[in-house]
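Take a look at the chain below before reading on.

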Amino acid sequence: MNNDDPMKVSVLSSGSSGNVTYIETNQHKVLLDAGLSGKKIKNLMDQINRDLNDVDLLFVSHEHTDHAKAVGILARKYPSINVYANQETWDAMAPHIGDFPETQKNLFLPNTTQLFGDLDVESFSVSHDAANAQFYNFHHQGKSFVVLTDTGYVSERIAGIIKNANAYVMECNHDIEMLRYGDYTWDTKQRIMSDRGHLSNEDGAKAMMDIIGEQTDNIFIGHRSHHNNMKSLAHLTVSSILDEHDFGLGDAFNLLDTDVEQVSGLITL
Ligand SMILES: [Zn+2]
Ligand SMILES: [Zn+2]
């Protein structure tokens, strides 16, 4: 293992209104999702001293605006960015991404691994109300980084695939009580709570307990809802569940907060 060449990641923005994550290795500068305006993404990249002109890979999880808003804009403005999504996601994005440069369009089938020099990227299907949502596990020099948001539940299959990564972004979308008593329509509440919706704070914590391993150092609490959650509440709920089960919080690993349009700073894996 070459320790001079670590993978670095920064959660540039995470929440129900905009998701962008940055990953880099020696050979690649990568974005996962582009769910804000191009201008805002550029601004967030500036904050970690990185340049969109250097980005060569963009992986898209699914077509929802909070993940795909700037996919077309970034591809047209930065010809070096190769964009990857599965066919159903491409089809669902098509009406919203304008005239997309064909040469930058690439397929990434669900539940497959593609090799990009020093970076292996593994896709896995999730259960969400989109055309065919998939998230990704990034592998580099024996270390791995997983983003898992926008899923109604975490199956044993998914848990098996993403177990014992070095870092995670894990969805903690809503507090069940805030959602239940909040002002969303009954239909929307049902959709969010369904098997094809989003993980609650409790669900997120339970999923963490299934996947945390000896290698795990950092877990970002991700994709928090503006309406049905609060940063402090999500953090408290997750940390108390992990503490109750003796998960060595703060000792074995860190639990980190995220926010929309607030960069996490680059962490080294
Ligand atoms: Zn989302
Ligand atoms: Zn979604």
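The paragraphs below go from the whole protein down to single strands and helices.

Start with a caution: this is a predicted model. The secondary structure comes to 9 helices and 14 strands. Along its principal axes, the C-alpha trace spans about 50 × 45 × 35 Å. How does the radius of gyration fit with a compact globule? For 269 residues, such a globule would have a value near 18 Å, and the protein has 17 Å, so the two agree. Of the 269 residues, 47% count as buried. Now think about contacts between residues at least 6 apart in sequence. Of these, 68% join residues at least 24 apart.

Next comes the open sheet. It has 7 strands, in the order E6-E5-E4-E3-E2-E1-E14, and its pairing is mixed. Which strands stand at the edges? They are E6 (105–107) and E14 (267–268). Each has a single partner strand, so one side of each is left without a neighbour in the sheet. Look inside the sheet at E1 (residues 8–13) and E2 (residues 20–24). These two pair in the antiparallel sense, over 5 bridges.

Helix H1 (residues 38–47) packs its buried residues against E1 and E2. Those buried residues are Ile41, Leu44 and Met45. Seen down the axis of H1, they fall within an arc of 100°, so they line one face of the helix. The face turned away from this buried side carries the exposed residues Lys39 and Asp46. Just after H1, asparagine 49 takes a positive phi of about 55°.

Now move to strand E11 (167–171). Is E11 mostly covered or mostly open? It is mostly covered, as 5 of its 5 residues are buried. In a regular strand the side chains alternate between the two faces of the sheet. In E11, Ala167, Val169 and Glu171 point one way, while Tyr168 and Met170 point the other way. All of them are buried.

E11 also has strand partners. It pairs in the parallel sense with E10 (residues 143–148) over 4 bridges. There, leucine 148 has methionine 170 as its bridge partner in E11. E11 pairs with E12 in the parallel sense too, over 5 bridges. Here tyrosine 168 stands opposite isoleucine 219 in E12. E10, H5 and E11 together make a right-handed β-α-β unit.

Helix H8 (residues 201–211) brings several of these elements together. Its buried residues include Asn201, Ala205, Met208 and Ile211. The buried residues of H8 pack against H5 (156–162), E11, E12 (218–222) and helix H9 (231–244).

What holds the most contacts inside the largest nonpolar core? That core has 69 residues, and those with the most contacts inside it are Ala34, Leu58, Phe59, Val71, Phe145, Tyr168 and Met170. Leaving aside its neighbours within four places in sequence, its contacts include Met7, Val9, Ile23, Ala167 and Leu269.

End with a contrast. Threonine 65 sits in helix H2 (residues 65–68). Why does threonine 65 count as exposed? It has 12 C-beta neighbours inside 10 Å, and a residue with 12 or fewer is exposed. Its C-alpha atom is separated by 27 Å from that of histidine 139, 74 residues apart along the chain.

Notes
Residues numbered from 1 in each chain as written. Chains lettered and ligands numbered in written order. Predicted model: local features only at pLDDT ≥ 70, side-chain atom pairs only at ≥ 80, totals over all residues. Pairing = 2+ DSSP bridges. Buried ≥ 20, exposed ≤ 12 C-beta atoms within 10 Å, placed from the backbone. Contact = placed C-beta atoms within 7 Å. Core = buried A, V, L, I, M, F, W, Y, C linked by C-beta atoms within 7 Å. Rg over C-alpha atoms; globule rule 2.2 N^0.38 Å. Arc of directions from axis to C-beta. Right-handed = clockwise from strand over helix to strand, strands pointing away.
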